[in-house]
Amino acid sequence: IQNIEANRRYPAAEEVFRSVESCLTALLYNEGITRIEYKDWTGTLTGRLAHQSLVREYLFRQGIISNEEYQKYLNLVNDLHHEGYQPGKVFDKQGLINYAEFAENLIIKVRTTISRPK
């Protein structure tokens, strides 16, 4: 939020994304996924593409995150990707605040999900 208030919107978006990504990674680990890699017909993906695939396969399709949460995650990924390729374009302040609220809600979800015994 400090970066948003200081009008450092791209760094703010990166911080929010890292928070969201860390939450989703924690949920993946809770499901037994210990390596961020995804095998498909083209080979083995690693990094963010693998992460996105694992989120889809293990968290969204199994109902651990809702369709709304999954769509917000994809929108954030998409916005961050596009902003990096459009010099001079900055994130909308209210949009960043909405993403930050989404990250906060995911943190709460992680805390309640992981602390629950399986």
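Which residues in α2 meet which residues in α3? The legends below take up this contact and its surroundings.

**Figure 1. Overview of the predicted chain.** This is a predicted model, in which local features need pLDDT of at least 70 and side-chain atom pairs count only at pLDDT 80 or more, whereas totals for chains, interfaces and linings use all residues. Residues are numbered from 1 along each chain as its sequence is written, and side-chain values use heavy atoms, with hydrogens and water left out. Five helices and two strands make up the chain, in the order α-α-β-β-α-α-α from the N terminus. Helices (H or I, at least four residues) and strands (E, at least two) are DSSP runs, numbered from the N terminus. Of the 118 residues in the chain, 34% are buried; buried means under 20% relative accessible area, exposed over 50% and partly exposed in between, with a 1.4 Å probe and protein chains only. Among the contacts with a separation of 6 or more, 61% join residues 24 or more positions apart, a contact being heavy atoms within 4.5 Å.

**Figure 2. The packing of helices α2 and α3.** Helix α2 (residues 9-30) packs on helix α3 (residues 47-60) at an angle of about 50°, and their axes are 10 Å apart. Axes are lines fitted to C-alpha atoms, for helices over the stretch in contact, and angles run from 0 to 180 degrees between N-to-C directions. The two helices, α2 and α3, are therefore oblique to each other; angles under 35 degrees count as roughly parallel, over 145 as roughly antiparallel, 65 to 115 as roughly perpendicular and the rest as oblique. Phe 17, Glu 21, Leu 24, Thr 25, Leu 27 and Leu 28 in α2 meet Arg 48, His 51, Leu 54, Val 55, Tyr 58 and Leu 59 in α3. The residues of this α2 and α3 contact comprise eight nonpolar, two polar and two charged. Here Ala, Val, Leu, Ile, Met, Phe, Trp, Tyr, Cys and Pro count as nonpolar, Asp, Glu, Lys and Arg as charged, and the others, Gly among them, as polar.

**Figure 3. Glu 21 in helix α2.** Glu 21 has a relative accessible area of 15% and is therefore buried. Apart from neighbours within four places in sequence, Glu 21 is in contact with Arg 48 and His 51.

**Figure 4. The hairpin of β1 and β2.** Strand β1 (residues 37-40) pairs with strand β2 (residues 43-46) in the antiparallel sense over four bridges; two strands pair if DSSP finds at least two bridges between them. Two residues lie between β1 and β2 in this hairpin. Tyr 38 has Leu 45 in β2 as its bridge partner.

**Figure 5. The crossing of helices α2 and α5.** The axes of α2 and helix α5 (residues 93-115) cross at roughly 20° and come within 9 Å. Helices α2 and α5 are therefore roughly parallel to each other. On the α2 side the contact includes Val 16, Val 20 and Leu 27, and on the α5 side it includes Leu 96, Phe 102 and Ile 107. The residues of the contact of α2 with α5 comprise 17 nonpolar, three polar and two charged.

**Figure 6. Arg 111 in helix α5.** With 61% relative accessibility, Arg 111 counts as exposed. Arg 111 and Ala 26 are 85 residues apart along the chain, and their C-alpha atoms are separated by 9.6 Å.
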